[in-house]
Amino acid sequence: DYLKSNGMETIQDWKECGDEAMSLLAETVGFSGGESTKITNFLNKKIQEPLDDEQKLNKKLLWCGSGKLLEDDLTRQGSFVRDAVSVETPQAFTRRRGDRDIRIVLGPSGSGKTMYALNTLALQGNLQQESGPAVGVYFSLHQHDKKNFETALTTATYIRDQSKMAIQAFLGELHDSQVKNHLNLKMLVSVIIDEAALYPEVMGDINVLSKTYDELKSIASHVRLIVAGTGMDGVSMDLSSATDVFKYRMQPWKEYHFEKAAEKLSYSSYSTRDTQMCVRAIIQSPILSKLITNARSAMFTIEAVLLIKRGYSSVDVKGSLTSIVHVVLGNYISYNGIGRLNDKEKRL
């Protein structure tokens, strides 16, 4: 219980701990002398034991297919919004059709859908809120050919096989691209389908989602299918929140969310005082205060103002307003689908 309360849920969490740290832990929880030595020896022995697949995968977020860990630039926004989520959750967590755990995350661009899906929904317990090992496999549909999503069967088998490949690749068990029929993992495997509105015909069809979910059951004892993306509000209209899926709706940020998120900033070049000064300046600005209702633009706004503040005892957002807005817009566009369009497509 002490280990779990301090974030040490698995033996893997102790990989970097040495004898001195473990001895200190034993003493901290009330052991001393010979008892402390026994605890230290026990932990040392457990660390030497090989990790099973569930322990290796636990709390990991993987790219589909390759099994590589998600890059830092994808999780950077997550570290900013994790403690300041504004979301409307389902009213009840009763089982849906066929006991399937299918979740839809709705909201406008930049509202934190992807980060909420990854940081919260993908790795939390099952429908009974039980804790346990969990891994997430992430799909960004703009990286996948539409031919893989033409029918319920092609969609389901493609997502299943890409998810299996990711897990096998991460575990070093993928040889000659041969996908195992069953992985039989005793854990929660969450599959996150992002930018799902690109293929509305299949992503808005409960039969396709159900078929996909059923195919994923060959991977693990518990599976979860999470569908997110700008534009899913319209696509998911025929998906019943009473009988088919669980729907989550991201909400606009208020000043409270922005302030809370800013508390967690880890900028080595900036002090807490500088961050708080910039936060106040943003909130007091008639223009910039409108940008912080959106999680993504809020992150870019505080970053831009902190850069302007660098080296000065005060911050003048009014005199630098144009520069700040240009930086925020540029970063925002690069983070969403607009950034992948050519100049003509952007104008359209």
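The structure holds 9 salt bridges, a salt bridge being a side-chain nitrogen of Lys or Arg within 4 Å of a carboxyl oxygen of Asp or Glu. This is a predicted model, in which local features need pLDDT of at least 70 and side-chain atom pairs count only at pLDDT 80 or more, while totals for chains, interfaces and linings use all residues. Residues are numbered from 1 along each chain as its sequence is written, and side-chain values use heavy atoms, with hydrogens and water left out.

Select Arg160, Asp161, Lys211 and Glu215, which are linked in a network of salt bridges. Arg160 counts as buried at 18% relative accessibility, whereas Asp161, at 26%, counts as partly exposed; buried means under 20% relative accessible area, exposed over 50%, and partly exposed in between, with a 1.4 Å probe and protein chains only.

Next, select Asp274 and Lys309, whose side chains meet in a salt bridge (3.0 Å, N to O). Asp274 lies in helix 12 (residues 272-284) and Lys309 in helix 14 (residues 295-309), so the pair ties together parts that are 35 residues apart in sequence. Lys309 is buried at 3% relative accessibility, and Asp274 is buried at 15%.

Turn now to the aromatic rings. Rings of Phe, Tyr and Trp (its six-membered ring) pair if their centres lie within 6.5 Å, and planes under 30 degrees apart count as stacked, over 60 as edge-to-face and the rest as tilted; by this rule the count comes to 4 aromatic pairs. Select Trp63 and Tyr138, whose ring centres are 5.2 Å apart with the planes at 65°, so the pair is edge-to-face. Trp63 belongs to strand 1 (residues 60-63) and Tyr138 to strand 4 (residues 134-140), 75 residues apart.

Then select Phe149, Tyr158 and Tyr199, which ring pairs link into a cluster.

Finally, show helix 11 (residues 255-263), where the buried residues are His257, Phe258, Ala261 and Ala262. These cover an arc of only 130° around the axis, which puts them on the same side of helix 11, the arc being that of the directions from the helix axis to the C-beta atoms. On the other side of helix 11, Tyr256 and Glu263 are exposed.

Terms used. Helix = DSSP H or I, 4+ residues; strand = E, 2+ residues; numbered from the N terminus.
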